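Hi,

Here is the structure I promised to pass on. Have a look at it first, and then read my notes below.

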Amino acid sequence: MKKLILSILICFNSYAAETFSIQISAEVLRAMDLSPRLAARLAGGDIIGNGGGLVEQEFRYAYRRLSKIISSCSASALCPFAGRELEVLKKIGVVSHKYIAKKDRLIFLSSVDYPGFFEDTEDAQVRVAKTAFIEGAPIFINLDMIYAGNGAAFDFPTMISILVHEIGHQIGIKSHSTLDDMGAKLRDYITQDKHTSTFRHEKGVAVVQVYNLKKVDHFAEVFFSYNGDITPLTSKIRSRLKCDRENSTLIGFEISNAHWERLRGDRGIFVLEYKSWIKIHCLDLSTSAIWDEDRDLSMDIHLYDGSYLSLELNIN
């Protein structure tokens, strides 16, 4: 099997903010529990769409993946939803996919700059997120609660559960407890086959997180982070996989048997290697037969004086 190599070079401006003016509709503002002062300020269009931080990008990635994860759960025998609750979950998936390309589907605000915004008259708790009972309304994320130091305060499954809660409001469900429960169930589904590999050295911490979704035609969610900066890798891995047989297509993969090799190098330049197995799931386009093929995955993480430079992904 030909060795496939992908070098992912990280530029310091890779998370640069996309600048655009956010206009919140009068209908959304009327539907939210806001003071007249806050509503007037938000209606003024003085919000600039930056949201270029690492955690903001992770939330956007979670939004893009939400409908796929709901689809996986809905078709799995291990999905913890049934009956009407499953139908509600599917509707949340449909709505999330419908607005996946909308620029302002997520708006990040600081409760310091907009005091009282993340509070409401029905719940004294300051919330991580808030939206209107209108399909397609922006989901507002509380910037003051999503960071822990330089990293994310929430992992990927928790971000997914937060989005389930808010889109649940958009389809008309008012109960916070009902939506909290649904978000927790989907989080449990994602984490039922979770693997975390952590490597610590004197200047940094490298982590690879794998969420194997329990369905043959879905792809594991894979993330690499170094000192809290997270890079999703699922699409990068997927693009480098191919089934051996002719007239076949890749429909999923899962990762197992992960481990770190020793850190190697000197004079401030080091390479940290991660290795694992990949089981890929293939579909015959003529007969619809499904089978598995095995691959080996390795990642070389290049460091200079403890700082992350690049990642080289190898599959053979």
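**The disulfides**

The torsion about the S-S bond of C243 and C282 is about -100°, so this disulfide is left-handed. The pair ties together distant parts of the chain, 39 residues apart: C243 sits in the loop between helix 7 (234–239) and strand 13 (248–260), while C282 belongs to strand 15 (residues 269–284). The S to S distance from C243 to C282 is 2.2 Å. Keep in mind as you read that this is a predicted model.

If the term is new to you, a disulfide is a covalent bond between the sulfur atoms of two cysteines.

Are C243 and C282 buried or exposed? C243 has a relative accessible area of 7%, so it is buried. C282 is at 0% relative accessibility and therefore counts as buried.

The count comes to 2 disulfides. C73 and C79 form a disulfide as well, with their sulfur atoms 2.1 Å apart. Here the torsion about the S-S bond is about 85°, so the disulfide of C73 and C79 is right-handed. C73 is at 0% relative accessibility, so it counts as buried, and C79 counts as buried because its value is 12%. Counting bonded cysteines along the chain, the pattern is 1-2, 3-4.

**Two packed helices**

C73 turns up again where helix 3 meets helix 6. Helix 3 covers residues 54–74 and helix 6 covers residues 176–191; they pack at an angle of about 80°, and their axes are 11 Å apart. The two helices are therefore roughly perpendicular to each other.

Which residues of helix 3 and helix 6 meet? From helix 3 come L66, I69, I70, S72 and C73, and they meet L186, Y189 and I190 in helix 6. Sorted by type, the residues of this contact are 7 nonpolar, 1 polar and no charged.

Next, find the open sheet of 4 strands, in the order 9-10-11-12 with antiparallel pairing. Strand 9 (194–201) and strand 12 (229–232) are at the edges with a single partner strand each, so one side of each has no neighbour in the sheet. From one strand to the next, the twist averages 15°.

Strand 11 (residues 221–226) and strand 12 run antiparallel and are joined by 4 bridges. To see them face each other, look for S225, which stands opposite I230 in strand 12. Helix 3 lies across strand 11 and strand 12, and it runs at about 170° to strand 11.

Cheers

Methods:
Residues are numbered from 1 along each chain as its sequence is written. This is a predicted model: local features need pLDDT of at least 70, side-chain atom pairs count only at pLDDT 80 or more; totals for chains, interfaces and linings use all residues. Side-chain values use heavy atoms; hydrogens and water are left out. Axes are lines fitted to C-alpha atoms, for helices over the stretch in contact, and angles run from 0 to 180 degrees between N-to-C directions. Angles under 35 degrees count as roughly parallel, over 145 as roughly antiparallel, 65 to 115 as roughly perpendicular and the rest as oblique. Contact means heavy atoms within 4.5 Å. Ala, Val, Leu, Ile, Met, Phe, Trp, Tyr, Cys and Pro count as nonpolar, Asp, Glu, Lys and Arg as charged, and the others, Gly among them, as polar. Two strands pair if DSSP finds at least two bridges between them. A disulfide is a pair of cysteine sulfur atoms within 2.5 Å. Buried means under 20% relative accessible area, exposed over 50%, partly exposed in between (1.4 Å probe, protein chains only).
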